[in-house]
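Could you walk me through this model in my viewer, one selection at a time? I would like to know what to click on and what I will find there.

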Amino acid sequence: MKSLALFAALFVLVATAHAQRVDLIANSDGRKTVSLDGQWQMIVDPYESGYYDYRYQPNPNGYFKNAKPKTKSDLVEYDFDSSNTLKVPGDWNTQSDQLFFYEGSVWYKKSFDYQHRPDTRVFVYFGAANYLADVYLNGEKLGQHEGGFTPFNFEITNLIRDSGNFLIVKVDNKRRRDAVPTLMTDWWNYGGLTRYVKLIETPATFVSDYFIQLQKGSRDRVVGWVKLNGAQFSQRIIVRIPEAGVAKAFDTDASGKALVDFTAGLKLWSPENPKLYDVTIEAETDQVRDQIGFRSIETRGTDILLNGRPIFLRGVSIHEEAPFRSGRAYSREDAQTLLGWAKELGANFVRLAHYPHNEHMVREADRLGIMVWSEIPVYWTILWDNPATLANARNQLSEMIARDKNRAAVVIWSMANETPLSDARLSFLRNLAGFARSLDSTRLISAAMERHYVGATTQMIDDPLGEYLDVLGCNEYVGWYDGLPEKADRLEWRTKYEKPLIMSEFGGDALFGNHGDVLARWTEEYQENLYRHQIAMLKRIPFLRGTTPWILMDFRSPRRPLPRIQDYWNRKGLISNRGEKKKAFYVLQRYYSDLQK
Ligand code: GCB
């Protein structure tokens, strides 16, 4: 009986946590939106006493009630309105010295008025909150979201009022062994409401999502779907691409989903010509707009084919670290700076490591003609045999794909980074790869794997995961963690698979402005020499079809304490965090320019 009650209680908990969560509103272009960016009141709560009582039980009168003393005798031990503020979007670590190393809970509060129009629905949309977010409006819980790098939204139609709304979010960035990522990473655990927050208004029945992309292998047939959310499921949908003369009608089924299928003469998206079309999706009760590019991406043997032609992916890895000011990047300007540097390098490809970056990055990549590898933070030593960890990884994967599936720039979904071999890990990652394919059959699946030596000079790629990937990714640090740069000259590469390889990481640290000879660690000369030997080696790998060296710009990492050199920065950037180019930048630039001749 007791366990039944517990089960029932658990069910209610899970049900309420997700009750009001609808499909991700993947795009709000053309809708009424209200930005909630700016200063939010905040309370730092390391003991979570705004959530638990002194017996460590959830407190029904937690901080989310935003209580105020009504008489002079009332005891209320917190007050948002006289507390400090934090800017949203933005991590808390770089906004306050006291919070620089902080990992724990912070409560955010924003007050707002809203003219709710009749027959409309309202949602609150978060670009991302790292890591666990509990969201409340006007004292009522909307739900919880786990995962620090993907968007989520809750419907607030029945709770929002014309004036005096208060939105309260408890954000907790404590690392956990069973989370994704897990305890150990090599990047800063920036906490907070790190991306844009907005209100989105929709009609009662609205277009909640759509997938409008070329069918795999085709260059003129668009196959996808449109989904409605609301009571009026049965509708005629028209997909228009005026510039290509497309206006096609489709009917939704009983679940509100219409399958889309048409052929069109489209100029294909490519790095040379990143053509985007204005696309509108009209339902009887709603209409949304988007800019969408069309291109095909496939593999044939060891080749990667873009629009049917073999291509080499001249790439670079990027963390979501803000150029110049540091902290989590979030803005369009940040994306333009980072991708502008990638362009200057001669890149046609970027690896957005190690988690989904903010939406500006992929939208700008779409505009600039830069192909994207996008990944989830399944990194190093995940708890492979824990079902909840797998469910969490699957959820982050589905939210990444939900947001970016219409971006032509995205050509690769990557499942994991440098994960140690085991049966449990293989079945976890195989599950993710299958799930990604079921959500999006048009893109290539990859993962950054490791390699090992067979004898002293042969590098072998035979990770059993390779069987489930379209493109092999491989991280190697010959010349940094593995011998000195000259070692690369003697190495030969082999693979068990007839598949293309992207060298997904290589590199070494250099402090900008630190000079010495080619064997002196941390100098620009060491890094430059390392790139020279690496590139000579890469040229000898017959199945190599892309490179994303580590990394475009220095990034913060708690694992890097060396005073005056690292100071908690990973210095493998080709560019410093202040935007200064190191010598190795020009070595890679030369390689990429030669590849285009
Ligand atoms: C790696 C990781 C990356 C680290 C890098 C390094 O293999 O994938 O996240 O930052 O090495 O600098 O050690």
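Here is a tour that begins at the ligand and moves on through sheets and loops.

**Before you start.** This is a predicted model, in which local features need pLDDT of at least 70 and side-chain atom pairs count only at pLDDT 80 or more, while totals for chains, interfaces and linings use all residues. Residues are numbered from 1 along each chain as its sequence is written, and side-chain values use heavy atoms, with hydrogens and water left out.

**Stop 1: the ligand.** Select the ligand and the 14 residues around it; Asp 186, His 354, Tyr 379, Glu 418 and Tyr 481 come nearest. (A residue is near a molecule or strand if one of its heavy atoms lies within 4 Å of it.) Colour this shell by residue type and you will find five nonpolar, four polar and five charged residues. For this count, Ala, Val, Leu, Ile, Met, Phe, Trp, Tyr, Cys and Pro are nonpolar, Asp, Glu, Lys and Arg are charged, and the others, Gly among them, are polar.

Now show the side chains. A polar side-chain atom of Glu 418 sits 2.3 Å from an oxygen atom of the ligand. For His 354, the distance from a side-chain N or O atom to a ligand oxygen is 2.6 Å. Trp 550 also has a polar side-chain atom 3.1 Å from a ligand oxygen.

**Stop 2: a sheet of four strands.** Go to the open sheet with the order β14-β13-β16-β17 and antiparallel pairing. (Strands are DSSP runs of E, at least two residues, and helices are runs of H or I, at least four, numbered from the N terminus; two strands pair if DSSP finds at least two bridges between them.) Its edge strands, each pairing on one side only, are β14 (246-251) and β17 (287-292).

Select β13 (residues 236-241): this strand pairs with β14 over six bridges in the antiparallel sense. Arg 236 stands opposite Asp 251 in β14. Then pick β16 (residues 277-282), which pairs with β17 in the antiparallel sense over six bridges. Four residues lie between β16 and β17 in the hairpin they form. Look for Asp 278, opposite Gln 291 in β17.

Which residues make up the covered face of β17? They are Val 288, Asp 290 and Ile 292, while Gln 287, Arg 289 and Gln 291 make up the uncovered face. In a regular strand the side chains alternate between the two faces of the sheet.

**Stop 3: a sheet of three strands.** Another open sheet, again with antiparallel pairing, runs in the order β11-β12-β15. Here β11 (206-214) and β15 (257-263) are the edge strands. Select β12 (residues 221-229) to see its eight antiparallel bridges with β11. Phe 211 stands opposite Trp 225 in β12.

Stop 4: Is Glu 320 buried or exposed? Glu 320 is buried, with a relative accessible area of 1%. (Buried means under 20% relative accessible area, exposed over 50%, and partly exposed in between, with a 1.4 Å probe and protein chains only.) You will find Glu 320 in the loop between β21 (313-318) and α2 (332-345).

Finish at Gln 115, in the loop between β4 (105-112) and β5 (120-126). Gln 115 counts as exposed, at 54% relative accessibility.

How values were computed: Polar contact = N/O pair within 3.5 Å; in protein donor to acceptor, adjacent residues only side chain to side chain.
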